[in-house]
Amino acid sequence: MKKIVNKHPLAIRWFHWINFPALTVMIWSGLLIYWANDIYRLGWGDTTLLKFFPQSFYDALHIPFRLSTGMAFHFFFMWFFFLNGALYVLYTVFSGEWRYLLPNRHSFKEAWLVVLHDLHLRKTAPPQDKYNAAQRIAYTAIVVMGAGSVVTGLAIYKPVQLHWLCALCGGYEAARIEHFALTIGYVLFFVVHVVQVIIAGWNNFQAMVTGFEVEEEAASVEEQ
């Protein structure tokens with residue numbers, strides 16, 4: 001017998017689906033800005049171990065250097081990203097949803113067990129509430145990263161007017177590196193998140209659309 005189990009409130013679903021396109025545009029427009037001055041690499045001196053976007057990448061995809069387009073979209077959609085994130089945090093605080101999201105003292109140990117279970121190296125997953133330990137850590141981290149992106153982004157955007165914020169980030173160059181590193185973090189989170197959604201199946205995805213999951217109810221003794 002099947003039963004309907006409520007999972008995600010309407011507000012959480014709205015914040016999630018507004019954030020998805022907003023963050024996507026922010027990453028895309030941020031790349032347009034970065035590609036106009038592609039300077040970061042992993043290495044030392046004249047030795048380069050990894051360049052994030054080698055020349056072959058630009059040649060193969062015919063990447064356009066559209067700095068003004070990237071800045072226009074980035075500075076416009078940053079308000080959607082910021083306001084949506086701020087309202088999400090306020091909602092979780094006043095609604096009590098933060099209780100399901102914040103990691104507790106057992107979360108880091110249990111998150112490792114979740115990873116082992118997902119890799120099929122452990123038969124049973126640790127007990128969970130609305131979110132498992134790995135999700136608690138990841139979803140809390142993404143909120144912290146969002147705040148970091150706003151702070152470092154403002155420091156880059158107005159380094160003179162907000163010189164104190166720029167100094168707090170370690171200077172203009174440091175703020176730009178931090179902003180770039182956070183973008184890499186978003187991309188990695190997005191990839192892992194999509195993979196996890198696929199693994200979890202349709203029921204999990206449906207819950208973020210409709211707000212509920214359909215579960216199999218255990219049969220009673222009489223029915224057996």
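Predicted model: local features only at pLDDT ≥ 70, side-chain atom pairs only at ≥ 80, totals over all residues.
1. Helix H5 covers residues 107-118, and its 12 residues reach 16 Å from the first C-alpha to the last, close to the 16 Å expected at 1.5 Å a residue; the expected span is taken as 1.5 Å times one less than the number of residues in the helix. Helices here are DSSP runs of H or I with at least four residues and strands are runs of E with at least two, numbered from the N terminus. The buried residues of H5 are Ser107, Ala111, Val114 and Leu116, where buried means under 20% relative accessible area, exposed over 50%, and partly exposed in between, with a 1.4 Å probe and protein chains only. Helix H6 (133-157) is included in what covers these buried residues of H5, and H5 is followed by His120, whose phi is positive, near 60°.

2. Residues are numbered from 1 along each chain as its sequence is written, and side-chain values use heavy atoms, with hydrogens and water left out. The mean pLDDT of the protein chain (pLDDT being the predictor's confidence in each residue, from 0 to 100) is 86, and 96% of its residues reach 70 or more. Among the elements, strand E4 (residues 212-216) has the lowest mean pLDDT, 74, whereas helix H7 (residues 163-168) has the highest, 95.

3. As for the overall layout, the protein chain holds 9 helices and 4 strands, which run β-α-β-β-α-α-α-α-α-α-α-α-β from the N terminus on. Its C-alpha atoms fill a box of roughly 75 × 40 × 35 Å, taken along the principal axes, and 28% of its 224 residues count as buried. Among contacts (heavy atoms within 4.5 Å) between residues at least 6 apart in sequence, 67% join residues at least 24 apart.

4. His8 lies in the loop between strand E1 (2-6) and helix H1 (10-35), and counts as buried because its relative accessibility is 7%. Leaving aside residues up to four places away in sequence, His8 touches Arg13, Lys130, Tyr131, Ala207, Met208 and Gly211. With one of these, Tyr131, there is a polar contact between side chains at 3.5 Å; such a contact is a pair of N or O atoms within 3.5 Å, of which, within protein, one must be able to donate a hydrogen and the other to accept it, and residues adjacent in sequence count only if both atoms are side-chain atoms.

5. The whole structure contains 21 aromatic pairs, that is, rings of Phe, Tyr and Trp (its six-membered ring) with centres within 6.5 Å, called stacked if the planes are under 30 degrees apart, edge-to-face if over 60 and tilted for the rest. The rings of Phe20 and Phe190 have centres 5.8 Å apart and planes at 25°, so this pair is stacked. The pair links distant parts of the chain, Phe20 being in helix H1 and Phe190 in helix H8 (residues 172-200), 170 residues apart. Phe20 is partly exposed at a relative accessible area of 40%, and Phe190 counts as partly exposed at 39%.

6. One aromatic cluster is formed by Tyr34, Trp35, Tyr40, Phe52, Phe53, Tyr58 and Phe180. The C-alpha atoms of Phe52 and Phe190, 138 residues apart along the chain, are separated by 18 Å.
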